[in-house]
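Here are my notes on the charged pairs and the metal site. Have the model open while you go through them.

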Amino acid sequence: MGFDTLIVNGRVVTATDTYTSDVAISNGKVTAIGQGLPRENATKIIDAAGKYVLPGGIDVHTHLDMPFGGTKSADDFETGTRAAAFGGTTTLIDFAIQYKGQTLRTAFDAWMEKASGKAVADYSFHCIITDLPDAQLEEMNALVRDGVTSFKLFMAYPGVFMLDDGSIFKALRATAKNGGLVCMHAENGSAIDVIVQQALADGKKAPKYHALTRPTTAEAEATARAIALAEMAGAPVYIVHLSCNEALEKVREARDRGLPVYAETCPQYLYLSIENFDVPGFEGAKYVFTPPLREKWHQEKLWNGLKRDHLQVVSTDHCPFCFKEQKELGRDDFTKIPNGGPGIEHRMSLIYSGGVAQGRFSVNRFVELVSTTPAKLFGLYPRKGTIAAGSDADLVIFDPERKHTISAKTHHMRVDYSMFEGIQVTGMPDAVLSRGRVIVEADKFVGRAGAGEFLKRQLYSQQ
Ligand code: URP
Ligand code: ZN
Ligand code: ZN
């Protein structure tokens, strides 16, 4: 039997193993793994000698084409998934937003419309719930049956996204029954709003006050409350974009008690700090996202949390707004700066570089954090998140030695700055395959808009 593609001589890496092997692909799936697979009948051969063969990255937290603060995020599903692919990420889970008064189904349909015909690689959605009358509880069940098996709830942004504790508790109880997973934006939005109003009244309007008005205690308190509500509901909970040690401690304590509590962090919290606001003029707006940047000492605590499984996932929270015209909406008032930063492209290299190349954890742990655990928690495993016979051939030929200096001049995201400008990473993708098709090769995009498919996900499974 012939193969569509045969990857030869690479070091195959999964969350548990590293070994030299060939990987054969037919009809978009991995069909055989072994040494010395017959080359004669392969249509295409990729030589991966000296390289890692990794399962495609899975980024479970992105905001493409998302309306926010009077504008919308700068990458759509075509430019965003393409930039992700350049960085070795082949699956995204984005967020469909239910606005007040809408059904959850309306949100899902709207985001399906945004993505279809555009995405270059596979995608799925969480549903953001901003309004939860009892009628929507049955709709949560219906969405779960249709493969939207996770929901994001906000404890911040009062009047916009924030849900009250009663509604949060109801949603958690619903997922305890329907097998879904709640992703929580954990910050005490009501307290933060008081601090923000005081800052504005005192004339503190520069970008850095976005960070100075959102204390770590507000994140830790909400994280503890989210965990308590989930425990009372008998439901798992996943804390998104965890940024600081105080919140990490709440997650660690809950996990030590055996609760099904999980958390992700993002590269910006591992590489950047409040010192990034020490830039001239309005430049600090580039770092306005939520939760905000913290003091530098938190970074090592988060790296350690990744190593020791107190944190289980690295996502990006990619939510890009151009500095010119978009971030500038808040030139005179930090509360009007659209919240979010660009990061979809460099997650794999930043985490490999800081995690593996700098000796903090193994290459297997790296794969677990950026691909396998996201797949398991969000119902995509083993179709995605590993390299095994029968899995989708979403694969990355990754050069662990290749160095690259991140810059807006060379990145592929549709945004006019990089949060990580000038940072040199070690480890870059050489080629990227999505369901067996090469979509990035020799730094060129060779895929196709619309080739990505919507992924109906299975239920959350406890890890
Ligand atoms: O600032 C951020 N993180 N913007 C995106 C929305 C969110 O809260 O994840
Ligand atoms: Zn959030
Ligand atoms: Zn987000």
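1. Start with Lys-384 and Asp-392, which form a salt bridge with their closest N and O atoms 2.8 Å apart. By salt bridge I mean a side-chain nitrogen of Lys or Arg within 4 Å of a carboxyl oxygen of Asp or Glu. Lys-384 is buried at 2% relative accessibility, and Asp-392 is buried at 3% (buried is under 20% relative accessible area, exposed over 50%, partly exposed in between; 1.4 Å probe, protein chains only).

2. Both residues belong to a salt-bridge network that also includes Lys-29, Asp-122, Arg-383, Asp-394, Arg-435 and Glu-453. The whole structure has 34 salt bridges.

3. This is a predicted model, where local features need pLDDT of at least 70 and side-chain atom pairs count only at pLDDT 80 or more, while totals for chains, interfaces and linings use all residues. Side-chain values use heavy atoms, with hydrogens and water left out.

4. Lys-72 and Asp-65 also pair up, with 3.4 Å between the closest N and O atoms. Here Lys-72 is partly exposed at 45% relative accessible area, whereas Asp-65 is buried at 11%.

5. On to the zinc ion (ligand 2): its protein donors are Lys-152 (NZ), His-185 (ND1) and His-241 (NE2), 2.1 to 2.2 Å away. Donors are N, O and S atoms within 2.8 Å of the metal (3.2 Å for Na, K and Ca); water is not among the atoms, so sites may look incomplete. The zinc ion (ligand 3) lies 3.9 Å from ligand 2. Lys-152 and His-241 are both buried.

Note on methods: Residues numbered from 1 in each chain as written. Chains lettered and ligands numbered in written order.
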